[in-house]
Amino acid sequence: VSLPIDSDGWRRLSPRMLLIHPVVEVTKSIPLLLGVLFAGSHSGTGAYWGLGVAVVVIVLSLTRWFTTRYRIDDDQIQLRHGLLRRQTVNARLDRVRTVDVTAHLLHRVLGLSRVTIGTGTSDRRRRPDGLTLDGVDTDDAQRLRAELLHHVLAAPEQGSGEQAGPLREQDLAIFDPAWIRYAPFNLSGAVTALAVVGFALRIVNDAHVDLAKVGPLRHAGNDVTSASLIGIVVIAVIVVLVFIALTSTTGYVLAFWGFHLTRHEGGSLHVSRGLITTRNTSIEHRRLRGVELSEPLLLRWVGGARTLAIATGLRVGRGSERGGTVLLPPAPAGEAIRVAAAVLETDGPIVAPLRAHGPSARRRRYVRALGVTLLVLSILLAIGLIEGWPWPLALLALVMVPAALLAEDRYRSLGHLLTHGHLVVRSGSLVRRRVAIKQDGVIGWKMRRTFFQRRLGLMTLTAATAAGRQGYRIIDVDLAEAESVIAVCSPGVLDGLRC
Amino acid sequence: VASLENARLRAPAHHVSPRARWYWATRAAGGWLILLGVEAAALFAVGITPMAITLVITALIGLAHLIVMPQWRYRVHTWEDAGGAVYTQTGWITQERRIAPVNRIQTVDTHRGPIEQLFRLSNITVTTASAAGPLRIHGLDRRTADQLVATLTQRTQATEDDAT
């Protein structure tokens, strides 16, 4: 179904949005409606006021559709909207960096999608979402995405969809339900779990419920005195862990069900995913600067990993589901490596053994991990001696063992390599990341040396890029090695700066 | 490759303006005076001996900082326009060198704060497309700064692509 187009080429969004806007806006204004109902409840007119406000909200939401139009011509896409303050947003087609197609539950029921067009980091003004077309037919949205990313624009007045033709795609990764076993080790649910607990406690507090007086809890409270405290703590920890695992798994399934990574003929990568809200993200080939293989500690223990894209105009999200950078959700490490290699079109940067950073770097890891722990411990022990705390406090000294293990693991993670036109860097223990960036994607260098690093002849070299995390650190590398890394990645830059 | 291994990167060639030492000292003195003021007020209000000792120690540390820091910083803070790249060194206890190839430079800005105007100093910020790597040269003589901005702007305009 092609949409009506006026003489200047301006198109409207799908009229089916007239069903979605009122539902969304009324849902958003529920607090306001409740407030009105409550305020009017004394005089008995609350219901009428509430109805009036609801009607206003619905009418305003409908004007959004009537006032919004968009137009695509040979070199730009324009969006015009606003009732009282008319606004026109323009995006040059050759500046389009990302095209995301998302569909929430309501959208999907009505066969609609939202298209978000990102013009990337050069857009310094506060316009985080770029240009959004909320509510176009899903088929139109997919065609629009293909057109924008390949700049093969069909003439809008012939928008029958034939000339855009199906693009050939190459599958790089397809979701396997067996991957869900890695979800509990993802810990993305930990944040959600904390938020839920915080929210519940606040409600309990606001409602003036005294937990000590609630029947079952009071019994439990009485039992604490008789039962062993350790038992209670163990049960609490298990409950929390199960809860975190459940929320992590739920989040994983919601975000990554149906995950599908493909490469188009034009070289751009395309990710589609999501159980209820579906999400389609495209990364243009020339924006891609590299990939990141990330292994949070728990995931690493169970042999899992995830793969992220490093691309300009894409911000790196927190957790595994935010941001458009996911090339593979937590999955078997072998699969993550295969996908990363497929994206780079070479496996050298992903599997080749790295150059270790030497004994000084190892000593620094130990000094930092053990030194800090020792300092905290000795303060605690000193206070303990003065205050006469019980001797089991000395058992705290056992934390030196995990601290030493952490130091060793952090050292083993450290490494870098120059291979296949890429700079490869690995570091971290709690989250170990192996990053491969194109050498010509490095646009600056930072050589940082603390007092102690200067004494050991080491530095932390940061390769600055316009993509991903913006800077990637090679920690505690020796001076000569750092200089040869710079010389290889940025030829000629050091000319005349050596003695 | 052997020569690559042996060659060592030298520090950038030019020092910043000698007046920068006075600027750094002035700025640091401001911070110490505020801290001393708070401690003096506390001493006046509470009036106990440990407070007086703290005040004296703070004053001594502050004085040492004011004597050592500007000199040390002046020796470290250097810059160079090396044709193909801009090269800076900053810091004192922790030191940092930054290099940006000229063809990756996006903007060159100057900035003068109120105290810096008092000492006739200018700062230059050289940005690239990366949020991680702006180069800053603090405490330049104003004329030097203007010249540097002019030459860098001229050369960066010569590059064609979007420098990412």
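## Briefing: sheets and interface of chains A and B

Glu295(A) and Arg432(A) form a salt bridge through their side chains, at 3.0 Å from N to O. Glu295(A) belongs to strand β12 (residues 288-296) of chain A and Arg432(A) to strand β17 (residues 431-438) of chain A, so this pair ties together parts that lie 137 residues apart in sequence. Over all chains, the structure holds 19 salt bridges. The model is a predicted one. The points below turn to the sheet that includes strands of both chains, to the interface, and to a sheet of chain A.

- Seven strands make up an open sheet with antiparallel pairing, in the order β20(A)-β19(A)-β18(A)-β4(B)-β3(B)-β2(B)-β1(B).
- At its edges stand β20 (471-478) of chain A and β1 (14-15) of chain B, each of which pairs on one side only.
- The strands β18(A) and β4(B) run antiparallel and are joined by five bridges.
- Within that pairing, Lys446(A) has Arg98(B), in β4(B), as its bridge partner.
- On the chain B side, strand β2 (residues 78-81) and strand β3 (residues 85-91) run antiparallel, with four bridges between them.
- Asp81(B) has Val86(B), in β3(B), as its bridge partner.

**Helices lying across this sheet**

- In chain A, helix α15 (residues 479-489) lies across β18 (442-449), β19 (458-465) and β20, and runs at about 140° to β20(A).
- In chain B, helix α5 (residues 142-157) lies across β2 and β3, and runs at about 40° to β2(B).

**The interface of chain B and chain A**

- Contact involves 32 residues of chain B and 34 residues of chain A.
- The two chains bury about 3000 Å² between them, and 54% of this area is on carbon and sulfur atoms.
- Side chains of opposite charge can pair when their charged atoms come close.
- One salt bridge is found across the interface of chain B and chain A.
- Arg448(A) and Glu96(B) form a salt bridge in which the closest N and O atoms are 2.9 Å apart.
- On the side of chain B that touches chain A, the elements giving two or more residues are α1 (2-6), β3 and β4 (95-101) of chain B.
- Of these, β4(B) supplies the largest share of that side, with seven residues.
- By class, the side of chain B that touches chain A comprises 16 nonpolar, seven polar and nine charged residues.

**A seven-stranded sheet of chain A**

- Chain A has an open sheet of seven strands in the order β7-β6-β5-β11-β10-β9-β8, with antiparallel pairing.
- Its edges are β7 (131-137) and β8 (169-174) of chain A; each has a single partner strand, so one side of each is left without a neighbour in the sheet.
- From one strand to the next, the twist averages 20°.
- Strand β5 (residues 98-103) and strand β11 (residues 278-283) of chain A run antiparallel and are joined by six bridges.
- Asp100(A) has Thr281(A), in β11(A), as its bridge partner.

Technical notes. Residues are numbered from 1 along each chain as its sequence is written. Chains are lettered from A and ligands numbered from 1 in the order in which they are written. This is a predicted model: local features need pLDDT of at least 70, side-chain atom pairs count only at pLDDT 80 or more; totals for chains, interfaces and linings use all residues. Side-chain values use heavy atoms; hydrogens and water are left out. Two strands pair if DSSP finds at least two bridges between them. Contact means heavy atoms within 4.5 Å. Axes are lines fitted to C-alpha atoms, for helices over the stretch in contact, and angles run from 0 to 180 degrees between N-to-C directions. Buried area is the accessible area (1.4 Å probe) that two parts lose on being put together, summed over both. A salt bridge is a side-chain nitrogen of Lys or Arg within 4 Å of a carboxyl oxygen of Asp or Glu. Ala, Val, Leu, Ile, Met, Phe, Trp, Tyr, Cys and Pro count as nonpolar, Asp, Glu, Lys and Arg as charged, and the others, Gly among them, as polar.
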